[in-house]
Structure formats: structure tokens, C-alpha cells
Amino acid sequence: MTGFGRRLRVVAIAALVFTPVGALAVPPACPESDVPGLKWLEKMSRSAQTLNYEGVVTIQRGEDMDVVQVSRNAGRDAINESLTRLTGPGEQVVRKAHPQACVHPGSEMLQLGDALNRGQCGISQYYRLKVTDGDRVAGRRAVRIKVQPRDMYRFGYVMDLDRETGLLLTTKIMGPGDRLLEKSQFASLKYGPPTAEPSPVQSEQQAEQTCSDDASEAKAEHGPWSPGWLPNGFRMTEAVDRTSARRSYTDGLSAFSVFVEELPRDIRPGEGVIRSGGTTSYTRGLRLGGRPVLITVIGEVPVNTARMVADSVNWEVARAD
Amino acid sequence: MSDNLRESLSALMDDETNELELHRLLAQIGNDAELRATWSRYNAVRTTLAGQAAAPLSLDISDRVREAIDGEQEDATPGKFAAITRPFASLAVAASVMGAVVFGGQQLAYLDDSGQPGAAVAASASPVGLVNSLGATSVQASFGTQALPGLKPATRTAYRELCRQRMKSYMEEHAEHAALNTPQGLLSYSRVHRISE
């Protein structure tokens with residue numbers, strides 16, 4: 001135990017010594033090299049509110065390949081969207097009449113507007129952005145944004161955007177060492193109001209589209225539980241009430257959700273993880289504040305991030321911002 | 001701690017573990033206080049170096065340890081220096097109650113062995129609502145004077161299965177938020193295993 005304590009002190013001192021160095025290593029407010037990328041991402045985000053199109057998208061996760069049909073019809077006041085699975089049993093998700101005025105935190109983080117000129121750099125605090133020429137995708141000329149995380153708590157992305165409209169044509173989620181985790185790409189795309197008859201489906205689901213007025217100021221409620229730590233730049237996606245068993249967070253590009261279940265009886269403590277494409281699902285059983293609970297973190301983040309967040313969940317303790 | 005474990009831990013931090021290594025590590029970390037402390041420490045140093053305030057560290061195995069750490073954090077006067085040192089103060093506390101960690105760990109390991117055979121992860125009425133996975137893996141632990149054993153492979157598999165089930169039931173709710181807050185939009189729903197009506 002003595003040896004362990006000594007080692008801890010050594011590490012503590014080492015970390016304290018390194019802290020100022022770490023602080024100095026933080027890049028200046030808004031690296032010039034990231035500005036073109038930020039502008040493209042803003043264009044992409046705004047295009048999602050204005051473009052009409054329909055198309056077919058292929059999605060690759062490991063060995064699995066999914067093909068879906070997507071359509072979007074953006075009116076002056078509202079947006080209608082649908083996604084239909086063309087592989088497996090027919091399933092469809094429909095989002096009807098999403099108000100144009102409703103901008104969610106994830107989009108706000110990309111739509112910097114004038115704030116960019118005032119030196120705010122949004123997600124480039126957490127990612128390095130590099131813009132290059134992209135390949136042609138679904139017959140459209142593309143521009144490629146390479147998005148590299150500045151820390152180890154998020155994945156990287158390679159995004160191809162339509163050079164003309166800003167529409168996101170290809171998304172690759174990249175693990176460390178440029179490991180491809182997931183890829184979605186338009187195979188065909190037609191701009192204009194959707195005309196195709198939707199494929200017959202077995203089930204249709206209405207997508208949730210809560211838009212609380214204070215979404216932009218969504219903050220962690222204190223209790224009964226909350227994570228004590230989040231990776232830099234992650235914000236709650238919506239205000240939740242105290243009793244909610246879920247909290248969701250986004251940094252503008254990726255998202256994860258935390259679920260906490262109180263169990264009626266004790267469970268043998270332990271943890272498990274499933275990874276699928278860019279998604280990590282991590283579940284942990286433990287006692288928290290004297291209660292047996294099951295914590296699950298699901299999202300497009302590395303396992304280590306999910307574990308860090310789960311590890312930091314407090315019961316009845318205010319979040320340390 | 002063996003070099004192998006240290007390497008696995010580094011790989012976990014860098015998201016470079018293979019599946020086998022990852023599951024072995026997660027099964028072990030719950031029973032190995034030093035491994036947990038090392039993982040917390042690695043993260044604290046890496047977050048600090050990345051310019052973020054260090055994460056509040058928690059050693060999660062025992063309520064006694066957690067409460068000791070929470071108590072210490074509440075006592076600390078908030079301030080810049082405290083913010084920097086707090087995690088390490090927690091670690092010092094953690095080290096001072098290391099005995100309790102081991103003891104607490106044993107207590108937890110005994111949970112399903114406390115006079116009611118298979119109580120914790122019992123068959124049909126398991127606390128997590130599973131019918132045929134955790135229930136089939138009730139393990140009778142017998143510690144005596146030997147070192148705390150690692151989770152039996154069956155339990156490891158059980159937690160993986162539990163995770164798979166939770167992923168299925170929660171994925172759609174997560175996708176709703178990812179769809180509204182990430183550039184992929186509605187495509188987030190394609191991650192849902194089976195979209196429900």
C-alpha cells in the first residue's frame with residue numbers, strides 16, 4: 001500500500017508539473033486553418049433546413065450493409081423527412097412538420113454565423129478540420145472535410161459535401177489509425193421535391209422532434225443523477241426533468257446518451273460492451289448511493305469515453321461544471 | 001500489474017483493443033483496484049494534457065470508497081487550485097482506503113452468495129429483467145483465504161448479453177437525439193436494429 005501511495009504521489013506531482021504545459025499546448029482561440037472547414041460545416045448544417053431531395057443511401061458497418069431510401073421536403077415553415085429501409089423487413093421512419101424555427105443544440109454548434117468573425121471557433125476547439133477536393137459522389141462534385149479529434153474522447157470523420165449545395169453526401173466515422181468504423185454514402189440523389197412513391201413498408205414510426213424553447217440553454221438538471229464528467233464540448237441535447245432516466249449529449253458531430261436504471265435488487269457488479277460500426281454500447285451494473293443500478297452509455301464515441309462517463313455518474317450530487 | 005494488462009489498458013484508452021482483449025479487460029477491471037486506479041490516472045493525465053480540467057476520479061467498486069471520495073470533494077474549497085488538485089486528493093483518499101476497496105470488493109462479490117443461493121442474478125426474476133441469460137450463469141463463489149477471483153467467463157458473457165439487450169432497447173431513443181443533433185440526421189435511425197412501430 002505504501003508503494004502504491006508513493007506512486008500516486010509521483011503521478012500527482014508529474015501531472016501538476018505537466019498542467020501548465022498542457023494549458024500552453026492548447027491551440028490559440030481559432031486556428032486559421034480550421035476556418036474553411038467551419039464554413040463548410042455551417043453550409044452543410046444550414047442546407048439541411050432548405051434542401052429538397054430524394055435518394056438512396058448505402059450504409060456499411062463492418063460486414064453489414066444497409067440500403068435506405070431517404071427524402072426531404074423543406075417548406076417555408078416546416079420540414080418533412082422520411083427514411084425507408086430497403087433491405088430486410090420494410091421499415092420507415094417519418095418526421096413530419098419539423099418547424100424551421102427549431103434549431104437543435106447540435107446544429108447550433110455548427111451554425112456559428114457572425115460569431116466566427118468574432119473569434120468563436122465552435123467545434124474546431126475539439127476537432128482539427130482540413131478541406132480538400134473530394135471524389136464524385138452520386139454524380140455530384142464533392143468537397144472533402146477531414147475531421148480529426150483533438151483528444152481521445154471522440155472519433156474522427158471524413159465528410160464529402162456537395163460542392164454546390166453543401167449536402168452531406170458521404171460520412172465516414174474513423175477510429176484511431178484511420179480505421180474505418182462506419183460509412184454511409186449516397187448512391188443516387190435527385191434534388192427537387194420528392195416524387196417517388198415510397199416503397200411498401202411493414203411498419204412506420206414517427207420520429208420524435210421535441211423542440212423546447214430553451215433547448216439552446218439545455219443544462220444538466222441536478223439530480224437525481226447526472227454524469228460528473230463529460231468530454232469537452234458536449235452539451236445536453238434538451239432540457240430534461242429530474243425523473244428522466246436518460247440524458248443525451250452532443251458536440252455537434254457525435255452524440256451519446258446515458259441511461260440509468262434503478263434495479264429492484266442487487267446485481268453482481270460487472271460491465272460489458274458491444275460495438276457496432278461507430279456505435280458503442282456500454283453497460284455497467286454497480287451500487288450507486290446505496291442503490292443497485294444499471295448504467296448504459298450508447299453513442300458514437302470510443303469505449304473509453306463511454307466508460308469514463310458511466311464511471312462519473314453521481315447520485316444526488318450536483319454536476320461539477 | 002502485468003505488462004500485458006498495462007498494454008491492454010493503453011489500448012482501451014486509444015480505442016485499439018480487439019474484442020477478446022476488451023471483454024477480458026472489462027471483466028477484470030471490476031475486481032482489480034490497481035487496474036481501476038491506473039485507468040483513472042491515465043485518463044486524468046491525458047485529459048489534463050489535452051487542456052481539459054481533469055475528470056473527477058472515482059473508484060467505483062465500493063460505496064465506502066465512493067462516499068469517502070465524495071466527502072473529500074465536498075470538503076475541498078472550490079477554486080482553481082482545488083480544481084486541479086481535487087482528483088489527486090481523491091486518489092490519495094482512495095489509496096488510504098485501499099484496504100476497504102479490497103474488503104468492499106469482496107462484499108460485492110458476495111452479493112449473490114449472501115445466504116440466498118443465486119439471489120442477485122437469480123433465474124426468472126433477475127433484477128435486470130432477463131429471463132434466460134444472467135439467470136443461467138449464477139456462480140457460487142468460494143473465497144476462503146485465496147485472492148479475490150476474477151469474474152467467471154459465464155458472468156462475463158452474461159454482461160455482454162445484458163449489454164446487447166440494453167443496446168436493442170435503448171438504441172431507438174438514442175437515435176432520436178442523434179438524428180436531431182448530428183449531421184447524419186435521420187440516417188441515425190439506420191443504426192436501430194429493428195425500428196419499432
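Two strands pair if DSSP finds at least two bridges between them, and strands themselves are DSSP runs (E, at least two residues), just as helices are runs of H or I with at least four residues, numbered from the N terminus. The model is predicted, with local features needing pLDDT of at least 70 and side-chain atom pairs counting only at pLDDT 80 or more, while totals for chains, interfaces and linings use all residues. Residues are numbered from 1 along each chain as its sequence is written, and chains are lettered from A and ligands numbered from 1 in the order in which they are written.

On one side, β13(A) (residues 246–250) pairs with β14(A) in the antiparallel sense over five bridges, and S248(A) has S257(A) as its bridge partner. These two strands form a hairpin with four residues between them, where G252(A) in the turn has a positive phi of about 105 degrees. Six of the eight residues of β14(A) are buried (20 or more other C-beta atoms within 10 Å of a residue's own, with C-beta atoms placed from the backbone).

Next comes the nonpolar core, a set of buried Ala, Val, Leu, Ile, Met, Phe, Trp, Tyr and Cys residues joined through C-beta atoms within 7 Å. The largest one has 87 residues, and V297(A), A306(A) and V309(A) are among those touching the most other members. Its largest share, eleven residues, comes from helix α7 (residues 153–181) of chain B. Helix α4(A) (residues 303–312) has ten of its ten residues buried, including A306(A) and V309(A).

Terms used: Buried ≥ 20, exposed ≤ 12 C-beta atoms within 10 Å, placed from the backbone.
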